[in-house]
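Biologist: Please take one part of this model and look at it closely. I would like the helix packing first, then the sheet.

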Amino acid sequence: MSKDNQILEEFTSKDYEHGWSVNYEADEAPLGLNEEIIRWISAKKEEPQWLLDWRLKAFRAWEAMEEPKWANVTYPKVDFQKLRYYSAPKQTKKPKSLDEIDPELLAIYERLGISLNEQKRLQGIAVDAVLDSVSVATTFKGTLAKLGIVFCSFSEAVKEHPELVKKYLGSVVPMTDNYYAALNSAVFSDGSFCYIPKGVRCPMELSTYFRINAANTGQFERTLIVAEDESYVSYLEGCTAPQRDENQLHAAVVEIYAGAHAEVKYSTVQNWFPGDKDGKGGIYNFVTKRGICAGDHSKISWTQVETGSAVTWKYPSCILKGDNSIGEFYSVAVTNNMQQADTGTKMIHIGKNTKSRIVSKGISAGKSQNSYRGQVQVMKRASNARNFSQCDSLLMGDRCGAHTFPYIDIQNPSAKVEHEATTSKIGEDQIFYCNQRGISTEDAVALIVNGYAKEVLNQLPMEFAVEAQKLLALTLEGSVG
Amino acid sequence: MLTIKNLHAAVEGTPILRGINLEVKPGEVHAIMGPNGSGKSTLASVLAGREEYEVTEGEVTFKGKDLLDLTPEDRAREGVFLAFQYPVEIPGVSSTNFLRTALNQVREYRGQEPLDAVKFLSLMKEKMKLVEIDQKLLSRSLNEGFSGGEKKRNEIFQMAMLEPTLSILDETDSGLDIDALRIVSNGVNQLKSPDTATIVVTHYQRLLEYIVPDFVHVLYKGQIVKSGTKDLALELEAKGYDWIKEEVDAAV
């Protein structure tokens, strides 16, 4: 045990890799939150009146709401008046193409290992890069447009495809859905918009890379994915933030619409700054993600690898409205040091013969707390609904916690719901076995953890699976004996 | 190659080994026998560097180095291999992936280039024949759902891949049927060379019909109380351990 703890100490002393920040001239909203600020943001983004009205309505609803307290996390109350709700790098003129973008901004992404240069990129992935409150670049727009696919920043979508935005915005996550969704609806700045027309299979991975750079600034992005009947898209988001002493708020909303026979695969590799060893700083990641399988035989699959953030509150969910629709949730959530995560999913079975599958792998190290919270709901009409849930927890050391909160609500007697849960400690036996074959303890931990999370990692697009594996190893480096 | 002098070891304060002396030279096969609880497996674990065993006295040198001073992984990289009595399962990690990680770390320690996928696979193919192991087994999660025989064969297969100088087989015969025993022993025999040595820890003489020892040592109450040739093993098989126990206990 003593060796366990000693190695644990070493493991947890690893620094956050993306903790740097860059100074650039920024266009910022004044601190604080009120109607004026919302008007200011809306004006800045040259939005139509309907959207401003929508924001104001959300804001008034938010003001009357209470911060949710049910999650298994504790943190000091966020002072919403001390935050800044808009910060954007100053650009003298709007860039018309990638060549006109400020090289300094491109350099930020290069440093994160994300090239926005189409020639240098692998052909398989289109990227929308969001820095603080705005999207700075979207690649491969032209290539995608030929297929009728729209992939652009949210602000641009409001201008160029207002009818689509108006139709789907808030249709899956209503503005009053919850406290943070309401806040996001009032102040959201940018994010990605993606539209796949009927019968089109998107030929490349679409991805958004979120980066918070400015201090005291919250990031409130909004992502909307619409997959019309018989279409397919695979979408990935990645996130990092500088290392700062104060906590920063990230409250995003993601909405997915899938028509009949459409399939959307949404993958997240979340690596926001988790705070230091003593729990100082880090991102509060309060996110609402939900998809609706609106059409028959549609499918939405969430895959998440959560390694960052000081506090995570996140439940990517599926509303299985269409008959024979399928919802999936694959998650690896790693917490180390003082991190807290309360994450899981909701599967709401409305249509007949709907199926859902939940695979959650929690890994806790240091003094962290890791909770799985999941809800499976089978409505009256949903005959022959099926759910399989598997929630595994892996503990490293003896100062962390793993918790499981499953909720099951069945209103149709033909439903079949299975729930399996395991809790294990990473075994000294396993590590010694690896050691005896010449494998160092650190590599042994990486090997064992990646093996444990394999079922989830296998769901990620190839290129990101490799990244995620490295990230898991890095997050836990020094963590176990 | 290996010199053990007056080795004492304890588990949670209880002494198990009470002064082991043993000299193993290149090319030799030593069998360690003895009744249950005599300390056979403890000796194997102490040599491999398992954490729970505390060495309270004595010294062990391996190829001129202080073995007890090395971490378990460095002992392995120096060429000490332990075939486990109970091989550990690692879900989600294939034998192939596991072995490639191990082999390349060992090679790095020895100043050799890592093997690329092609060379690794051809080496694997070559060594697979030794223990008649199936490639399908190696793409499965390490030891997970393996039968007793498959686990032991996999241990010898790993030994073949890592090419150790000193192999310690800890009750490798336990749980093996006669065919598996033959296959495993065959593998071990083919790996023998004038430069390598083997320590076979076993309960029964049966295994020693296949892996013929140069020396047989009887461990009792944490000490080697009798040493001899393979004939000693036969004698034990015929007479049991009681006569040795009596001899030792009478002398105290």
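Modeller: The crossing of α3(B) and α6(B) is right-handed (the near helix is turned clockwise from the far one by less than a right angle). Contact (heavy atoms within 4.5 Å) is made by Ser95(B), Phe98(B), Leu99(B), Ala102(B), Leu103(B) and Val106(B) on α3(B). On α6(B), the partners are Asn154(B), Phe157(B), Gln158(B), Met161(B) and Leu162(B). These residues divide into eight nonpolar, three polar and no charged. Here Ala, Val, Leu, Ile, Met, Phe, Trp, Tyr, Cys and Pro count as nonpolar, Asp, Glu, Lys and Arg as charged, and the others, Gly among them, as polar.

The model is predicted: local features need pLDDT of at least 70, side-chain atom pairs pLDDT 80 or more, while totals for chains, interfaces and linings use all residues. Residues are numbered from 1 along each chain as written, chains are lettered from A and ligands numbered from 1 in written order, and side-chain values use heavy atoms, without hydrogens and water.

Now the sheet. It is open, with six strands in the order β6-β9-β10-β3-β11-β12 (chain B) and mixed pairing. Strands are DSSP runs of E, at least two residues; helices are runs of H or I, at least four, and both are numbered from the N terminus. Pairing requires at least two DSSP bridges between two strands. β6 (80–83) and β12 (223–228) of chain B are the edges; each has a single partner strand, so one side of each lacks a neighbour in the sheet. Inside chain B, β3 (residues 29–33) and β10 (residues 197–201) pair in the parallel sense over four bridges. Ile32(B) has Val201(B) as its bridge partner in β10(B).
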